Amino acid sequence: MSRVAEWGRRYAALIRNAWLVDLQYRASIVLWLLWGVTEPAVALGIWWAIAGDGQVAGYARADFARYFFALMLVNQLTIAWDSWYLDGWIREGELNFRLARPLHPAHEAVAENIAYKARTAGMILVVWLVVSLVWPAVRLPLAPGRWALTAAAVLLAAAMRFFISFTTGLLAFWTTRATAIMELHAGVSLFLSGRLAPLALLPPAVASAAALSWFPYMLAFPVELLTGAAQSTAIVKGFAGQLAWLGVWIAAYHLTWTRGLRRYGAVGG
Amino acid sequence: MPPAITADRLSKTFQVKVRDPGLRGALQALLKPRYRDVHAVREVTFNIDPGEIVAFLGPNGAGKTTTLKMLAGLLYPTSGRVAVAGFTPWGSGSEFKRRIALVLGNRQQLVWDLPPEETFQLNRAIYDIAEPDYRERLAELVALLELGDLLAKPVRQLSLGERMKCELAAALLHRPPILFLDEPTLGLDVTAQEAIRRFLTQYRDRHGATVLLTSHYMQDVTALATRVLIINRGQLLYDGALAALVARIARTKRIELVLADGVTADALAAFGDVKEFRFPNAVLEVPREEAAATSARLLAALPVADLSIEDPPIEDVIRLAFAHGVAEDD
Amino acid sequence: MRNAEFQWRVVPRGQARGTKPIMTFRIPHSALRILAALWRLNLAEELQYRANFVASVLGTLFWIVTALLTLAVFFSHTTRLGGWDYWEVVVLLGVFNALTGVIEAVLRPGIGRLAGEVRSGGLDLVLAKPVDPQAFVSFRRLDIWRLTDVVLGLALAGYALHRLGRVPSFAQLAAFGLALAAAAVVVYALWVVLMSLAFWFVSVENLSVLFDAVYEGARYPVSAYPEALRFLFVYLIPIAWTTTIPASALTGRLGPEIGLVAALVAGVALALARLVWRTALKRYTGASG
């Protein structure tokens, strides 16, 4: 049996299980989705008030609307909650049986991400389609090349956010405050990844600092690709940045996993 | 045939932070932490041949689970050697993990919200079990464990005993030659415990699997294992047949009574050593050989509502073993 | 997000409370004693964990800094938000933080756990106790360290007032105190109504998330939102009364009489919440009348 077929079978089973469990919790998931949507909705509301009939740094009301709707979708497609799962696994002793079987625990986490995102992104997409019927401002150009590029950027962003979240969760091998670290990261990303406002609206010093970090590549870059705001050189730089930072975080994950496992083997769990 | 499991002077020492009480102690623990050594496992040595069922017996905190985790590859030894199915557990990859099954009594691998068969299918994919093999093994496990209609109910609707049976089935689908079971009968009612013990014996008889289980129930040992390893405070106190140990060490049996009517302490004392007496319950200690006869006399002479003959608690046997300094192999 | 394993045993359901009048909210002395005993126990527990105190304060400070930076970003592109100056919005921020302290200290650990208990059957244990179930569920736990949020929030509001150069009159302070208390009551009423949904939607574990979603809008003055949302937040889901009104009372945007209006609104909200709760509980216990 070929390796590819084996892995395909494994992922199919993992995704199926995650999907079925999500089905049981679909009401809870809708509530989480609602909560995830209110933050960009409130931000949009405030920028809407500030923009009035004019513009803010080149963004009119319609531009803000398009930006934040795109943000809602991209965020749902890229967000990763694995640090909380891992932290729970490590502290509740649920890592043991996972380590004793011939499957790296990360695969389960990846499959869970895929199932969850397929479900919730689907919901947001439907809502967006409906809204765009009555509100022309949020409609998007349909150039297929643009969509393909966006899909690639979203995939890279999702992968990077997964590794950030998983690596932070692995810190639970050493500290009880792994989730606090993740919340710190989320607090910073509010500004630097564009969740509060398009990066152009940040003070120039802050925006330059952001450009040196991985934060814009988590959200802002794929969002600007989706809304059509990003131009040719920015696109090339964006993908370069995504690939580079993805590499950095994969390395960080690898280092943390090997060290963490050794520590786990020393002190148990 | 080489042994299935080998442990040679296996040791595990943990370093635990020492923390003084109070604010100053908390500060010191943060800035200049001090450690003390906890010797969880000390120079444990044993060999287990393929097809044996061996019980690791000892009170809580004795080092059983720590040893088991070293055998399963979850912890690495501080010193000593360990080999399982020809592999060194720590750091071994998929090939080793396919040869073992690990079942932890207090943590389950069954997905909580779904029926057990979903977890079975998942394991089939993880262990790359071919379709016809899977069907055959599942049928056998369902028959032996009497799982029947449990397969389609979500795990959260199953009782503790039913869950444990499904847990075992999930763990054995890939037919590993070596089973590690940590407190498999913990918290189960008597029927479920017996069912699991019966199953393990049958499974071993059919497939020649090597089974190592930890427990603090004596009945797990008497019903299942002919060989017992007694471990206390990290040290292996006894390795051999249980019957021999009990016969030599535990010279007494406990008769637990529930009395239907008033009885004086003196009346009881005539039959044996009165250990506890709080009406209506009483516990007598009598020499082992006389237990049955004494029970018959008690039933005839006194108003007894209920009577049972018990082995002394494992802690007593171990204390005795420790006090008498039983040699490792007997 | 995922449900943890529950191991409660279901006990026979408690007596239905159909005979109590709907509109009063009598708390007998014995109930107060029980609550006091619970709180003493909580306190003893929590004081062991001094690390929690430090973590709590650091967490709140981080949140406050984040919120201030958020405001800074908004105000770098405008001078007024819904007609409010920067420091006026900071006063509102302080009020928001103080109420967050009340929510995290009292409401989330108390009534926030209702959904899980309904599902697991643990609620039946509560119903069997000789205390009004709503009072018991609401106030049984005190996460005392979160009360630091109240202190920090009020300090922030005070500082912002100082930067505005305003010294509130006694009437304004009284109105603020009244409006703040009313705000806490309104927040409580919202929690009760939302958590009562647990009796209908038993399978939903994270109902408290619904509150967080709704309450997100209370971070900014209600005048910053479009007309329709303003109507919603003042009359239907009254989060305007939680932060905007007390902040307005303190800064003098609204006259001191608003304190009395707020108290009235709080009373109505509480009564409505009680009604919803009793209806939900009746449905749960299967009582009639």
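**Exercise 1: A pair of helices in chain A**

In helix 2 of chain A, the residues Gly36(A), Val37(A), Pro40(A), Ala43(A), Leu44(A), Trp47(A), Trp48(A) and Ala51(A) meet Arg61(A), Phe64(A), Ala65(A), Phe68(A), Leu71(A), Met72(A), Asn75(A) and Gln76(A) of helix 3 of chain A. Two residues are in contact if their C-beta atoms, placed from the backbone, lie within 7 Å. Helices (H or I, at least four residues) and strands (E, at least two) are DSSP runs, numbered from the N terminus.

The model is predicted: local features need pLDDT of at least 70, side-chain atom pairs count only at pLDDT 80 or more, and totals for chains, interfaces and linings use all residues. Residues are numbered from 1 along each chain as its sequence is written, while chains are lettered from A and ligands numbered from 1 in the order in which they are written.

*Task.* Determine how the axes of helix 2 and helix 3 of chain A are arranged.

*Solution.* 
- Step 1. The axes of helix 2 (residues 26-51) and helix 3 (residues 61-78) of chain A come within 10 Å and cross at roughly 165 degrees. Axes are lines fitted to C-alpha atoms, for helices over the stretch in contact, and angles run from 0 to 180 degrees between N-to-C directions.
- Step 2. Helix 2 of chain A is therefore roughly antiparallel to helix 3 of chain A, a term used for angles over 145 degrees.
- Step 3. The crossing of these two helices of chain A is right-handed, which is to say that the near helix is turned clockwise from the far one by less than a right angle.

**Exercise 2: Where chain A touches chain C**

*Task.* State which helix of chain A gives the most to the side that touches chain C.

*Solution.* 
- Step 1. The contact joins 24 residues of chain A with 28 residues of chain C.
- Step 2. At least two residues of the side of chain A come from each of helix 2 and helix 8 (178-192).
- Step 3. Helix 2 of chain A gives the most, with 13 residues.

**Exercise 3: Helix 4 of chain B**

*Task.* Describe how helix 4 of chain B is covered and what it gives to the contact with chain A.

*Solution.* 
- Step 1. In helix 4 (residues 116-126) of chain B, ten of the eleven residues are buried. A residue is buried if 20 or more other C-beta atoms lie within 10 Å of its own, exposed if 12 or fewer, and partly exposed in between; C-beta atoms are placed from the backbone.
- Step 2. The cover of these buried residues includes helix 1 (3-24) of chain A, together with helix 5 (131-145) and helix 6 (160-172) of chain B.
- Step 3. The contact takes 25 residues from chain B and 22 residues from chain A. Helix 4 of chain B gives the most to the side of chain B, with five residues.

How values were computed:
Angles under 35 degrees count as roughly parallel, over 145 as roughly antiparallel, 65 to 115 as roughly perpendicular and the rest as oblique.
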